[in-house]
Amino acid sequence: MNLFSNIEIPSQMKRCINSHPLSLRRWGVLALVSVGFTIQFGVDWGLQHDVLGRRELTVWLDPIAHVVLAISVTLPWIVALRLPRSYLLLAAAAALLIDIDHIIAARSFSLTAAINLPGRPISHSLLFSTGAAVIFGLMVRRTTAAIVVLIALFTHVSRDATGGGTPLLWPLAESTQIPADWHIGFWLMVALAGSFWRFRKNRAEDSV
Ligand SMILES: [Zn+2]
């Protein structure tokens, strides 16, 4: 018999577990953001040089870069706005799960088929990402959760668009390519803005 089966967690404690904010100092946030963006360059280098010797193996580095980028961009804002730490998992899941559309488009669980499509599916677009985030927000009734999902999806399609073959602006364009330094520069600014916003807010709180 499980001794803990009859113990009920008070609803207040449940709420606390679910919405416990992530507390990090500004230097900690900046350090994690730096590591996250360094990993982007590392993965890109690895993909370009097929560092694992086979494309089917090396391509697995890409989901890591997507998850790390989504977390690096949303982390400063999750800390700054005192959002639940579980939102980091939400960002990671959104950045990862969008690639399920490759399996659907390829109609196969074969990795070779999924990575050899003529182009990425239309679900890799800003329009689809926005629609998916809105639907998710309506389902969970949390605007902040929807915004975190939206940003995570945008980081994904933005990173994919640096390699071309991404219908970023669908239905206006079938494929859009953006320069890699624009992509990195934009998301780095978003991440730094989150860190800086927190710093200013704390300074204002300190002076009260
Ligand atoms: Zn993708």
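The expected span of a helix is taken here as 1.5 Å times one less than its number of residues. Helices (H or I, at least four residues) and strands (E, at least two) are DSSP runs, numbered from the N terminus.

The structure on the screen is a predicted model: local features need pLDDT of at least 70, side-chain atom pairs count only at pLDDT 80 or more, and totals for chains, interfaces and linings use all residues. Residues are numbered from 1 along each chain as its sequence is written.

I begin with the overall content. The chain has 10 helices and 0 strands. A residue is called buried if 20 or more other C-beta atoms, placed from the backbone, lie within 10 Å of its own, exposed if 12 or fewer do, and partly exposed in between. By that criterion, 29% of the 208 residues are buried. Two residues are in contact if their C-beta atoms, again placed from the backbone, lie within 7 Å. Among contacts with a separation of 6 or more, 65% join residues 24 or more positions apart.

Let me turn to α9, which covers residues 143–161. Its 19 residues should span 27 Å at 1.5 Å a residue, and this agrees with the 27 Å between its end C-alpha atoms. Of these 19 residues, 15 are buried, so α9 is largely enclosed by the rest of the structure.

Next, the interior. A nonpolar core is a set of buried Ala, Val, Leu, Ile, Met, Phe, Trp, Tyr and Cys residues joined through C-beta atoms within 7 Å. The largest such core holds 37 residues, and the members touching the most others are Ala70, Ala91, Ala94, Val149 and Ala152. Two or more residues each come from α2, α4, α5, α9 and α10, with α4 giving the largest share, 12 residues. What does alanine 152 touch, leaving aside residues up to four places away in sequence? Its partners are Ala70, Thr74, Ala91, Ala94 and Ala95.

Finally, the backbone. Most residues other than glycine have a negative phi, and most peptide bonds are trans. Aspartate 50, in the loop between α2 and α3, has a positive phi, near 45°. Aspartate 50 counts as exposed because it has 12 C-beta neighbours inside 10 Å. Arginine 82 also has a positive phi, about 55°, and lies in the loop between α4 and α5. With 13 other C-beta atoms within 10 Å, arginine 82 is partly exposed. In the loop between α9 and α10 we find proline 171, joined to tryptophan 170 by a cis peptide bond with omega about 10°.
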